[in-house]
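The points are grouped by topic.

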Amino acid sequence: MADPPCPHMKSCEMYEIFTFSETLAVWKTRYCQSDYSRCERYQRALKGQPVPVNLLPNGHLLEK
Amino acid sequence: MQFWPWYLGGVALTTVAVGHWLLMNRMMAVSGRVTALVNRVRFGPDKAPALSGKELEDALLAATLAAFGDEALKAPPTAPEPAPEPAPSARPQLTLTKPQGPGMHALFFFGLAIGGLLSVLLAGGLEVSPSLRGARFEALFDGPGRYAVLLLGGLCVGFGTRMTGGCTSGHGLCGVSRFQPASLLATAAFFGTGIVTSFAVALLLA
């Protein structure tokens with residue numbers, strides 16, 4: 001049976017961006033739809049910490 | 001003081017919630033704004049850059065390749081047949097919206113207070129009273145006790161709001177209207193608990 005997806009998917013701004021192209025879909029398959037508990041965004045939200053909009057699931061911050 | 005008719009309240013709340021979404025492109029959430037202000041004090045200002053379009057695409061591609069290498073360039077095994085690539089002009093613009101600053105939150109709360117003040121002035125005048133407008137409440141609590149009960153009630157509301165990630169505006173108005181399961185559950189919980197508690201208190205104090 002497949003793992004349940006991340007419960008924060010609908011409200012996650014980054015998840016919406018990952019639906020943009022096939023290349024970005026790897027983030028969904030590796031994090032959002034499987035082992036989401038290791039997602040940095042998910043972990044910070046659980047701790048009640050602010051989640052920067054440019055934070056990727058692996059902890060990398062998108063910069064210009 | 002006369003309260004406004006309930007149906008006007010409903011129209012006003014709907015106008016504010018829909019208007020907020022149309023003007024700000026985000027859901028109205030009063031407690032979310034409070035949380036943002038508290039987080040700013042606790043963790044400092046948000047340093048995330050506002051990225052959009054090509055610069056966001058480039059940053060995402062570089063980060064994806066750095067994290068997954070060639071795997072990112074292969075279609076996932078369970079993925080459906082890829083749709084034809086849309087023309088560049090038809091592609092939606094990729095954007096990371098920078099969170100609003102403290103000035104916008106302060107402006108919102110200022111408007112909230114002004115709106116409440118206007119409402120009571122139009123309805124017959126401002127009257128500040130540490131009471132729940134109930135004979136039983138006033139008989140049971142007197143003087144500083146009233147303030148203590150109201151303060152305790154406010155703390156409980158704040159605790160519940162933080163625990164469930166939203167308040168009556170975020171969950172009750174915007175979440176329920178979007179059929180969000182968490183909001184439906186949260187609203188059912190806090191309204192249901194409120195109704196049961198008020199009946200229980202009325203029975204106990206009768």
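Are Phe18(A) and Trp27(A) buried or exposed? Both Phe18(A) and Trp27(A) are buried, where buried means under 20% relative accessible area, exposed over 50%, and partly exposed in between (1.4 Å probe, protein chains only). This is a predicted model, in which local features need pLDDT of at least 70 and side-chain atom pairs count only at pLDDT 80 or more, while totals for chains, interfaces and linings use all residues. Residues are numbered from 1 along each chain as its sequence is written, chains are lettered from A and ligands numbered from 1 in the order in which they are written, and side-chain values use heavy atoms, with hydrogens and water left out.

**Interface of the chains**

- Contact (heavy atoms within 4.5 Å) links 26 residues of chain A with 34 residues of chain B.
- Chain A and chain B bury about 2400 Å² between them, and 71% of that is on carbon and sulfur atoms; buried area is the accessible area (1.4 Å probe) that two parts lose on being put together, summed over both.

**Aromatic rings**

- Over all chains, the structure holds 7 aromatic pairs. Rings of Phe, Tyr and Trp (its six-membered ring) pair if their centres lie within 6.5 Å; planes under 30 degrees apart count as stacked, over 60 as edge-to-face and the rest as tilted.
- One of the pairs is that of Phe18(A) and Trp27(A), which is stacked, with 5.6 Å centre to centre and 10° between the planes.
- The pair of Trp6(B) and Tyr7(B) is edge-to-face because the planes stand at 85°, with the ring centres 5.7 Å apart.
- Trp6(B) counts as exposed at 74% relative accessibility, and Tyr7(B) as partly exposed at 48%.
- One aromatic cluster is formed by Phe18(A), Trp27(A), Tyr31(A) and Phe68(B).

**Charges over rings**

- The charged end of Arg38(A) sits over the ring of Tyr31(A), 4.3 Å from its centre. A charge sits over a ring if NZ of Lys or CZ of Arg is within 6 Å of the ring centre and within 35 degrees of the ring normal.
- In chain B, the charged end of Arg33(B) sits over the ring of Phe108(B), 4.4 Å from its centre.

**Salt bridges**

- The structure holds 3 salt bridges over all chains.
- Arg38(A) also meets Asp35(A) in a salt bridge, at 3.4 Å from N to O; Arg38(A) is partly exposed at 36% relative accessibility, and Asp35(A) is partly exposed at 35%.
- Arg44(A) and Glu40(A) form a salt bridge with their closest N and O atoms 3.1 Å apart. The two are 4 residues apart in helix α3 (residues 40-46) of chain A, so about one helical turn separates Arg44(A) and Glu40(A).
- Lys54(B) and Asp58(B) form a salt bridge, the closest N and O atoms being 2.8 Å apart. Lys54(B) is exposed, with a relative accessible area of 57%, whereas Asp58(B) is partly exposed at 39%.

**Around α6(B)**

- Gly143(B) is in the loop between α5 (135-140) and α6 (144-164) of chain B; helices (H or I, at least four residues) and strands (E, at least two) are DSSP runs, numbered from the N terminus.
- Just after α6(B), Gly165(B) takes a positive phi of about 70°.

Terms used. Salt bridge = Lys/Arg side-chain N within 4 Å of Asp/Glu carboxyl O.
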